[in-house]
Amino acid sequence: MARLRWCCSLFAVAYAVEGKFTGPNMNGKYALARTPKQREGHWSTDFKDYPGGVEYFEVYTGPVKSTYGEVFWTQLPEVTLPPDLVKRFDGKGMAVVGFEADQVRRTPAGDISVPINVAYNHHYGAALLGKGSSMQRLRRDPKDPRTVHKGCGSFGSEAGFVKVPVEHTPSTHGLPTSMIFGYANGGEFRKSYHGLAPPFAQVVESPNRISVEPMQIDTWNRDEMSLTGGPFVPGPVPKNARAPVTGPDAKYSGLLECPLTSRIRKHTAAGWNDSSAAQIFSCQKVKRCNRAPSTPEGCFSAARQLPGLSGVSLRTDQGNSSTLPASCTVSRSASGDAHVFFNSNDESQVCCGSGVDKIAGEQKSLVTLRLSLSAKHGADITMTGPDGVWFSVGFDADSMSNSPYAIVVEGDGQVTEHVLGVHRAGVQLNTSLQVLSNSVTAGMRTVVLQRPLQGLTPQHHTFDAHKMLLDFINAVGSGPKFSYHKSKTASSISLWPASAPACICSIPAVPFGHGGGTIEYLPTGESIGFTTSCNPTESIWTNHNPTCDLRTYQGGLQTCHHGWHLLDADQSVPWQDQPLEYWMKFRMYYQEYDPAHHVMATYGPDWTQWGIGANTAEYDVPQCPPGTPVEQCKHEITGVVTPVGTDLHIVAAHYHCHAPTCLAIEIWNKQTGELLCREAARYGNGTDLLPGGDRFDQENYIDQPPCLWGSPPLEPPPLVSGIPLLIKAVTNSTYSHLGEMALPQVLLASLPDSLFV
């Protein structure tokens, strides 16, 4: 008779069932993808049929709490395993042969699964830890293989860092002291088989706790959708979401693709073409340009191309000076002329910006903008536009899509501050401006404003008293109240120091795929560094997929972080009084490790993540041309992966991708042209949600049957070390999609070919 062994805390519960498991799977029946050389016969995916029998323990970790449109992506409290189980395996190996997972509400009547169209599981990282390991926060370092992951199986919610199991006390038996099991770990996680075929198992010595970091997206329309399963009904989505919101295809949420919203601002670090810029520095760490013109001719030519010197009379000169910065400098006179000087004294220690306490300039556009920035005195802003209608300026932006901070002057002279939306008025901010004067002359209104450089909140722009060129957008309305514009345009204003010269720096073009910068979440001011990692051998590079470069990035994992809401700035978060709360549940099937019967399989390191997309294997899917028959709306990407080592064989392949675009993945031996594995996504149809049916059958959401290798009737594991493998991902392109993933997640084992002969 089976016995339950419990361990619990305020946050989590774990229990073990002793004795051979004879019941049904936690999540019902599973399907497998058939490998090309698999023999006739059936491999049972029922864990009760596992050769040699299995035992199991279950873990609840959480809770996960969210409001509509919110991303939950953070590490949950670790769960301690039951004491009897910990004692039993102290100093011994546990061979984990499979697991099942769910997301559930825990009620007095029992667990109730949370539908995937209510809370979308983007992915999770999970680790079973032994007493010889602990989770540690490490800075991402390409030289440290523990921190390099091109996939979603790790704990990576914090930009620039990764949480991974780190061994502090090695096993005396040479066994692993932790295992990662975050594969088939997204929307497919509940109906994709997570078992290994004999003789393979993931092995952990002295297991005693589990750590889980889920990334969940709340897509629950509280007014129209059932928490127990049923049809999907779209809730509010941002303007940039790609999913249909009406009609027969409105069966999934555009939020699950993490679209770029007007709550987010991109700060790009480089342009598409070689350029020059006038710059000054703080003189504390940086004193001069990284690159500068090296000849007088180059200096004078660069000066003539500066936008702030267009139409300005230039006086050029050259010499050797110890009182001016090295290389190329420009000074503006009170009359507006400019003096350009090339200093051949490369040893000069004079800082570009020494003695500068203010920069100022004026630019005439639809609105005339005069701006003065001082570290001591703040920002003085003067705006002139037509009286009787509204006019505005949005700072540090070239379009409304970048969610700029804007100052609006209405027809009666009232001044307000906003974060603009995409072709929307956006959100009005609390006032940080002091109005010094507001006057009308000859039909033109002029307002003189003052505010600190530092923004009152992260949504208020923070001015930089060392930034000499500032992009801005400006618009004029057709009526007195702020509404849709009559005219709009983009411009820039050059700000010059009056007391010292500025240096002219050379800024080389950054080619596609290398454009980086930061992504800022305006409500909190959190700033995330953008990761560029497209591989030139992959088709997304040659096709200039937008995910490869911040300048073209429109959404995906890098605009999706813990606590961020995936709505535009002018969209309030609905149903805030109805938070969703649930738990992540795992059932782990195991045997006692026996080296005579088990071969250790590995998952987790970067070499088990065969992603072919950009960062975390993501990419955008372009919509097929209008008029294309639906059955022909398919998009393919390819890439080549060459596994490391000399004797690694593939024993399981799982495919992580996202509903509703994922169709199939193929893995080919590029040397021989042999197909190793093809996995086709299976889509739910929503017909089995009634009592007694399949509670995971949400329409348009997927499961992903994996490829397995092992004992007959399965195919022997093929050698993959050193062999170029062609990965091909196929997606549905009826609609365009953001942040799709092409990520084979594989388990590998080091073994001789003779093992299966």
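**Figure 1. Pairing of β39 with β44 in the predicted model.** Strand β39, which covers residues 648-656, runs antiparallel to β44 and is joined to it by two bridges, as seen here in a model that is predicted. Within this pair, Ala653 has Cys707 of β44 as its bridge partner.

**Figure 2. The open sheet that contains β39.** Three strands, in the order β44-β39-β47, make up this open sheet, and their pairing is antiparallel. The edge strands are β44, residues 707-708, and β47, residues 743-750, each of which pairs on one side only.

**Figure 3. The hairpin of β24 and β25.** Strand β24, residues 405-409, and β25 run antiparallel and are joined by five bridges, with Ala406 standing opposite His418 of β25. The two strands form a hairpin with five residues between them, and Gly413, which lies in the turn, has a positive phi of about 100°.

**Figure 4. The pairing of β25 with β26.** Strand β26, residues 424-429, pairs with β25 in the antiparallel sense over four bridges. In this pairing, Glu417 stands opposite Leu429 of β26.

**Figure 5. Burial along both faces of β25.** In a regular strand, the side chains alternate between the two faces of the sheet. In β25, Val415, Glu417, Val419 and Gly421 point one way, whereas Thr416, His418 and Leu420 point the other way, and all of these residues are buried. The strand, which spans residues 415-421, is accordingly described as mostly covered, with seven of its seven residues buried. His418, which points to one side of β25, is the residue opposite Ala406, while Glu417, which points to the other side, is the residue opposite Leu429 of β26.

**Figure 6. The whole protein, as context for the close-up views.** The protein has three helices and 47 strands. Its radius of gyration is 30 Å, close to the 27 Å that the globule rule gives for 757 residues, so the protein is as compact as a globular protein of that length. Taken along the principal axes, the C-alpha atoms fill a box of roughly 95 × 60 × 55 Å. Buried residues make up 57% of the 757 residues, and, of the contacts with a separation of 6 or more, 76% are between residues 24 or more positions apart. The protein exposes about 30,400 Å², of which carbon and sulfur atoms supply 51%. There are 59 positive and 69 negative side chains, and the centres of these two sets lie 3 Å apart.

Note on methods: Residues numbered from 1 in each chain as written. Predicted model: local features only at pLDDT ≥ 70, side-chain atom pairs only at ≥ 80, totals over all residues. Heavy atoms only, no water. Buried < 20%, exposed > 50% of the residue type's maximum accessible area, 1.4 Å probe, protein only. Pairing = 2+ DSSP bridges. Rg over C-alpha atoms; globule rule 2.2 N^0.38 Å. Contact = heavy atoms within 4.5 Å. Areas by Shrake-Rupley, 256 points an atom, 1.4 Å probe, with all protein chains shown as cover. Lys, Arg positive; Asp, Glu negative; His and termini not counted. Charge placed at Lys NZ, Arg CZ, Asp CG, Glu CD.
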